[in-house]
Structure formats: structure tokens, C-alpha cells
Amino acid sequence: MTRSSSSRLPHGAKARAPLVLSALETLYPDARTELAFGSPFELLVATVLSAQATDVSVNAATPALFARYPDAFAMSQASPEDIEPLIRTIGLYRGKARNLAALARLLVERHGGEVPNDFDAVVALPGAGRKTANVVLSNAYGYPAIAVDTHVGRLARRLGLSVQTNPDKVEVDLQRLFPRERWVFLHHALILHGRRICMARRPQCAACLMQTFCPRVGVEP
């Protein structure tokens with residue numbers, strides 16, 4: 001879902017954006033989500049679980065979870081207490097178990113057990129939000145979206161593409177700077193770059209392909 005914004009982009013952002021995209025395409029040509037899933041339902045569940053948790057921890061827990069509850073119909077019969085032991089290794093597992101139980105019931109009641117290909121409908125599900133909807137719809141249904149997590153937000157500011165701290169406003173700035181057909185790739189590539197090179201505390205600037213044009217906003221010298 002594209003939205004307009006009256007905020008001013010950082011100086012030089014429009015000139016930097018194609019350089020950023022070119023570098024990311026060179027570094028991560030096959031960038032995709034690192035969450036393991038086999039269906040839109042599994043992706044939705046994994047994305048809800050990934051909030052304030054690593055993809056590694058989610059991927060370690062979901063095989064047993066999906067073996068027990070392979071679809072919304074099966075999970076809709078579970079209580080939060082049934083789900084909790086299977087996701088105990090993931091942060092905030094009690095709240096997430098409540099959300100998953102409620103989410104599965106709503107999928108069955110409102111959408112025939114299927115994950116709807118509709119942004120507002122996904123946002124309305126327990127435990128989901130704008131970022132979750134963007135991740136699920138872009139990866140499951142090809143919906144053009146930029147999901148702004150902590151990595152995407154941090155890199156957008158460091159690279160001088162946005163001055164915003166609100167994820168929704170960062171999303172709008174990135175949508176203004178990059179072609180719609182590359183939004184999904186951009187999201188995944190920025191996450192990979194944030195995990196491998198442009199880390200929060202000790203970014204590896206000397207090893208970065210963007211060092212010649214990156215303004216390094218907020219990076220200690």
C-alpha cells in the first residue's frame with residue numbers, strides 16, 4: 001500500500017538511491033527472506049514469531065510447531081497453553097502463543113482457513129501489523145512492499161535515505177526513492193546487509209561496497 005508523504009528527503013537521497021540499489025544487487029542478487037516456510041500460513045506464523053526474535057530462533061522452533069499444527073484449522077483447535085511449549089525458546093513466547101491461537105481461529109472464521117491476499121485483512125489479525133502484512137503478502141503473493149524492521153530502518157538513516165525513526169514514515173521515503181518492482185528485493189537485501197556488514201554497533205565500513213558514497217549517518221568515526 002503506497003502512501004503519500006510531505007516529509008523532505010535527506011540531501012542527496014535521490015542521487016544515492018540508485019547507487020545503493022546497484023550495490024545491493026551486486027552483493028545480494030538472490031536476496032530473499034531467511035524465514036523457513038512452506039505455505040502462506042507458515043510464513044504468517046513465522047513472521048509473527050519473528051517479532052523481537054531472530055530468524056534463526058524461529059526456524060529452529062517452527063518444524064515441530066508446523067508438524068503439530070500444519071494449517072489454520074489444526075491450530076484453531078489449540079489453546080495458547082498447547083502452543084507455548086513448542087515456541088518457548090522464542091522471545092515473548094506467551095504473548096505470541098495467545099496471538100497464534102486467536103489468529104488461527106480468525107483465519108478459519110473469516111477466511112476459510114486461508115491467509116487472505118489483502119493487506120488490511122492481514123493487519124487486522126492478532127499479532128500482525130503493517131510490517132507483518134508487508135512480509136507475508138510480498139513473499140507469499142508477490143505484493144510490492146517494503147517491510148521496515150530495525151535493520152531496514154537503521155540502514156535507511158545511515159545511508160542518508162531517510163531521517164525518519166517511525167517505520168511507517170521510513171517506508172514511505174523508501175517507496176519514493178526506489179522503483180516499485182524492486183521494493184521486495186530492497187527489503188530483503190537491506191536486511192542481509194544489516195546483518196552481515198552494516199551492524200548496529202560495529203559496522204564493517206571498510207568492507208562495504210557503499211563506502212565511497214555512504215554518508216555514515218550516526219556512525220562513530
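Helices in this briefing are DSSP runs of H or I with at least four residues, numbered from the N terminus. The model described here is predicted, and its largest pocket has a volume of about 560 Å³. α2, α8, α9 (150-158) and α11 each contribute at least two residues to the lining of that pocket, while α2 is also a mostly covered helix, with nine of its 10 residues buried.

**Annotated region**

- The UniProt record, an unreviewed entry, lists residues 49-196 as "domain: HhH-GPD".

**The largest pocket**

- The lining of the largest pocket is made up of 25 residues, of which Ser50, Ala51, Ala53, Lys131 and Asp149 are the closest to the centre of the pocket.
- Among the helices, α11 gives the most to this lining, supplying five residues.
- Sorted by class, the lining comprises 11 polar, eight nonpolar and six charged residues.

- Helix α2 spans residues 40-49, and its buried residues are Phe41, Glu42, Leu43, Leu44, Val45, Ala46, Thr47, Val48 and Leu49.
- These residues count as buried because each has under 20% relative accessible area.
- The buried residues of α2 pack against several other helices, namely α3 (55-68), α4 (72-75), α6, α7 (119-123) and α8 (130-141).

**Residues with positive phi**

- Most residues other than glycine have a negative phi, and the two residues below are described against that background.
- Leu92, although it is not a glycine, has a positive phi of about 60°, and Leu92 is found in the loop that runs between α5 (80-83) and α6 (93-111).
- Leu92 counts as exposed because its relative accessibility is 53%, where the cut-off for exposed is over 50%.
- Arg216, also a residue other than glycine, has a positive phi near 55°, and Arg216 lies in the segment after α11 (183-196).
- At 34% relative accessibility, Arg216 is therefore classed as partly exposed, a class that covers values between the buried limit of 20% and the exposed limit of 50%.

Definitions and conventions: Residues numbered from 1 in each chain as written. Predicted model: local features only at pLDDT ≥ 70, side-chain atom pairs only at ≥ 80, totals over all residues. Heavy atoms only, no water. UniProt positions renumbered as here; feature names shortened; annotations may be inferred. Buried < 20%, exposed > 50% of the residue type's maximum accessible area, 1.4 Å probe, protein only. Contact = heavy atoms within 4.5 Å. 1 Å grid on protein atoms, 1.4 Å probe; cavity = no way out; pocket = protein on both sides within 12 Å on 5 of 7 lines; lining within 4 Å. Points joined across faces, edges and corners; volume = space filled by probe spheres on them. Nonpolar A, V, L, I, M, F, W, Y, C, P; charged D, E, K, R; others polar.
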